[in-house]
Amino acid sequence: VISSEPLLQVRGLTKAFGGMKALNDVTLEVRKGEILGLIGPNGSGKSTFINVVSGHFKSTAGEIVFDGRTLTGMDAHRFAQAGIARTYQIPRPFGQMTVLENVAMVGMFGGEGLSRAEATKQAEEFIAFAGLSHRAHVLPEDLNLHQRKFLELARALAARPKLLMLDEVLSGLTPSEINEAIEMIQRIRDRGTTIIFVEHVMRAVMALTDRIVVLNYGSMIAQGNAVDVMNDDQVKAAYLGK
Ligand code: ADP
Ligand code: MG
């Protein structure tokens, strides 16, 4: 159920690297319970958006209000405490810990501050949800790409976020793995988590999102439902590289 209440409000958000604006004056809202698709050509600023809205990069200008609180300029751990979690486009597990320990770490050292026993119990549930129970005691280096992506997801879920930002979790997966992931993401939303879904796999964007925002060279060039966005002339031109 999508609420009319906004969970995330971003106004005039800008991130410059030197003279280059990787994000340029982006204003948008994400409502509670919504899956917002964030798409755009390579280099259009999607990962930068996630990095800024998770506090990993400081914004150059603009405002980030989450769940009624202004987070602009705060450290990443404050964004995490407020209930924002993200995955990395390139998975970043702790290499020297097992899959189970990787997920348990989040419960122990994240906002919840669980004991090792509690965090491990919770981690077992998230690993089962991600279909990784049979891999719980191996190191991340022994996982295949599909399993590493789902470990990223389990780690993000272990933070019990209100907002989950997924950065190309489907890239490199087979069609049947993509189907499995689509169902998993639907189940995450059904449990009440709001999602920003950055993805190139268009059938997944179509299947999952309630609304789509399109970035090009850091600026928002379109937003709306999938059909409107795909028929937008500026969007077509952006994808053709004109
Ligand atoms: P996308 O995820 O849409 O492919 P990114 O957000 O990764 O795009 O990148 C947007 C632009 O910002 C690109 O031109 C990229 O080279 C640049 N960029 C991203 N991160 C950095 C960084 N840490 N330092 C300098 N430039 C960066
Ligand atoms: Mg990216």
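This is a predicted model: local features need pLDDT of at least 70, side-chain atom pairs count only at pLDDT 80 or more; totals for chains, interfaces and linings use all residues.
View 1. The domain assignment of the protein chain gives domain 1 (1-83 + 161-242) and domain 2 (90-159). Their C-alpha centres lie 24 Å apart. How many residues of domain 1 are in contact with domain 2? Nine residues of domain 1 are, and they meet 10 residues of domain 2. On the domain 1 side of this meeting place, α2 (76-82) and α6 (175-190) each supply at least two residues.

**View 2. Helix α4 and its buried face.** Helix α4 (residues 116-129) has 14 residues, which at 1.5 Å a residue should span 20 Å; its end C-alpha atoms are 20 Å apart, so expectation and model agree. Which residues of α4 are buried? They are Ala119, Gln122, Ala123, Phe126 and Ile127. Seen down the axis of α4, the buried residues fall within an arc of 145°, so they line one face of the helix. The cover over these buried residues includes α3 (99-109) and α5. Just after α4 comes Gly131, which takes a positive phi of about 70°.

**View 3. Ile127 and its surroundings.** Here we stay with α4 and look at Ile127, one of its buried residues. Leaving aside residues up to four places away in sequence, Ile127 touches Val99, Leu100, Val103, Leu132, Ser133, Ala136 and Ala154.

**View 4. Leu151 in helix α5.** Leu151 lies in helix α5. Is Leu151 buried or exposed? With 23 C-beta neighbours inside 10 Å, Leu151 counts as buried, because 20 or more such neighbours are enough for that label. Not counting residues up to four places away in sequence, Leu151 touches Pro91, Pro93, Val99, Asn102, Ala130, Leu132, Pro140 and Leu143. For a sense of scale, Leu151 and Arg211 are 60 residues apart in sequence and 27 Å apart in space, C-alpha to C-alpha.

**View 5. A sheet of four strands.** In what order do the four strands of this open sheet stand? The order is β2-β1-β4-β5, and the pairing is antiparallel. β2 (20-31) and β5 (69-70) stand at the edges with a single partner strand each, so one side of each is left without a neighbour in the sheet.

**View 6. Strand β1 and its partners.** Strand β1 (residues 6-17) pairs with β2 in the antiparallel sense over eight bridges. Among the residue pairs to look for, Pro6 has Arg31 of β2 as its bridge partner, and Ala16 stands opposite Lys21 in β2. The hairpin of β1 and β2 has two residues between the strands, and in this hairpin Gly18 takes a positive phi near 60°. β1 also pairs with strand β4 (residues 61-66), again in the antiparallel sense, over five bridges. In that pairing, Gln9 stands opposite Val65 in β4.

**View 7. Ala82 in helix α2.** Our last stop is Ala82, which is found in helix α2. With 19 C-beta neighbours inside 10 Å, Ala82 counts as partly exposed, because a buried residue needs 20 or more. Which residues does Ala82 touch, not counting residues up to four places away in sequence? They are Phe66, Asp67, Arg69 and Leu71. The C-alpha atoms of Ala82 and Thr70 are separated by 10 Å, with the two residues 12 residues apart along the chain.

Conventions: Residues are numbered from 1 along each chain as its sequence is written. Chains are lettered from A and ligands numbered from 1 in the order in which they are written. Two residues are in contact if their C-beta atoms, placed from the backbone, lie within 7 Å. The expected span of a helix is 1.5 Å times one less than its number of residues. A residue is buried if 20 or more other C-beta atoms lie within 10 Å of its own, exposed if 12 or fewer, and partly exposed in between; C-beta atoms are placed from the backbone. The arc is that of the directions from the helix axis to the C-beta atoms. Two strands pair if DSSP finds at least two bridges between them. Domain bounds come from an automatic or database domain assignment.
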